[in-house]
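Colleague: Before we discuss this model, I would like to know what the labels rest on. Please give the criterion each time.

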Amino acid sequence: MLTPQQKPDHNIAADGIPAALFATIDALCGAARDVSRIIAKGPLEQALGTEVGEMNSDGDGQKALDVIADDLFRAALSTANVRWYASEEQEDILPLDPDGAVAIAIDPLDGSGNIDVNVSIGTIFSLFDAKADAEASILRPGHEQIAAGYVIYGPQTGLMITFGNGTHFYILDPDSGRFCLVRENVTIPSVSSEYAINASNYRHWTKPVRTYIDGCMAGVEGPKGRNFNMRWIASLVAETHRIMSRGGIFLYPSDQRDGYGAGRLRMVYEAAPIAFLVEQAGGRATDSVNDILSLTAPKLHVRTAYVFGSADNVTRVVDYHAMSDEELDRLSGVVPSDRR
């Protein structure tokens with residue numbers, strides 16, 4: 001465990017963190033430590049999963065912990081070299097320090113629907129060089145991120161982060177209160193036999209997605225020639241952490257339901273930072289057709305379809321989206337009606 005000597009008020013060991021970003025990352029870790037403590041107390045402190053009677057900027061009901069986490073991160077970052085603060089819980093990008101050099105996009109509490117069932121939840125964030133204009137600082141191609149990461153609140157509280165030179169994993173030491181580096185250069189296996197998707201939506205999926213999942217379910221007799229296991233946690237951070245740990249593919253595709261035609265996950269503060277982490281670990285992240293890091297969100301809270309994970313698995317999904325219906329039918333073993 002790499003833990004150099006530091007001042008006692010630092011919340012993270014400085015291993016590999018660019019000096020220009022240390023204040024921001026240290027503040028993020030301090031707020032995450034406070035959120036972790038609140039989560040651990042759960043209903044002993046308050047009903048964290050209770051609806052607070054308001055909708056967030058994206059039209060989703062806010063839980064008490066959503067609001068608490070947003071307040072904690074915003075306060076911590078206000079003195080941490082951050083000029084612009086863009087949050088899922090805020091309608092607009094907020095100014096913090098006019099002299100700050102960093103812009104941050106953040107989902108303060110991802111997976112809040114799982115609070116009351118004690119399933120891992122998290123915080124997702126993305127950092128950019130700040131510009132004079134708020135939107136120009138945040139609404140830009142994902143490949144312009146200077147750092148991205150997530151905190152997972154689970155059996156251990158962990159930080160997965162990249163600065164564009166690999167993906168690294170830290171663990172919160174409950175004794176010292178610091179995040180300590182425990183794993184450098186995390187690598188996602190290129191192929192895996194696990195997939196994560198909400199199978200209850202099968203009837204709404206497009207043909208390429210159905211064909212891919214049908215192939216997984218067909219096992220060794222199917223086009224992939226191997227047996228697969230399905231996973232679904234409904235917490236993006238938890239799904240990502242499993243893939244970072246042992247590979248796999250996550251699919252949250254667009255589908256035919258009202259409001260789902262463009263997908264459901266948010267481009268700026270969910271898809272893009274996870275994509276940066278995944279690609280730095282050797283994986284791939286797409287909207288089913290395009291690589292996420294090549295895209296620019298037109299608005300702060302815009303949604304996207306999302307497929308990421310082990311590179312070979314994701315590439316197969318992208319290839320399926322480029323195929324004709326006839327080619328997909330052949331893969332599925334479907335006989336056209338005029339030949340039956």
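Modeller: Two strands count as paired if DSSP finds at least two bridges between them. Strands (E, at least two residues) and helices (H or I, at least four) are DSSP runs, numbered from the N terminus. This is a predicted model, where local features need pLDDT of at least 70, side-chain atom pairs count only at pLDDT 80 or more, and totals for chains, interfaces and linings use all residues. Residues are numbered from 1 along each chain as its sequence is written, and side-chain values use heavy atoms, with hydrogens and water left out.

Colleague: How do you know that β13 and β17 pair?

Modeller: Four bridges join β13 (residues 249-252) to β17 (residues 306-309), and at least two are required, so the strands pair. They run antiparallel. Y252 has Y306 as its bridge partner in β17.

Colleague: Why do β12 and β15 stand at the edges?

Modeller: The open sheet has the order β12-β11-β13-β17-β15, with mixed pairing. β12 (229-231) and β15 (284-286) each have a single partner strand, so one side of each is left without a neighbour in the sheet.

Colleague: What makes the largest space a cavity?

Modeller: On a 1 Å grid over the protein atoms alone, a cavity is a set of points where a 1.4 Å probe fits but cannot get out; lining residues have an atom within 4 Å of a point. Grid points are joined across faces, edges and corners, and the volume is the space filled by probe spheres set on the points. The largest cavity has about 70 Å³. Its lining includes F128, R140 and M267, and helix α6 (residues 267-280) gives the most, three residues.

How values were computed: 1 Å grid on protein atoms, 1.4 Å probe; cavity = no way out; pocket = protein on both sides within 12 Å on 5 of 7 lines; lining within 4 Å.
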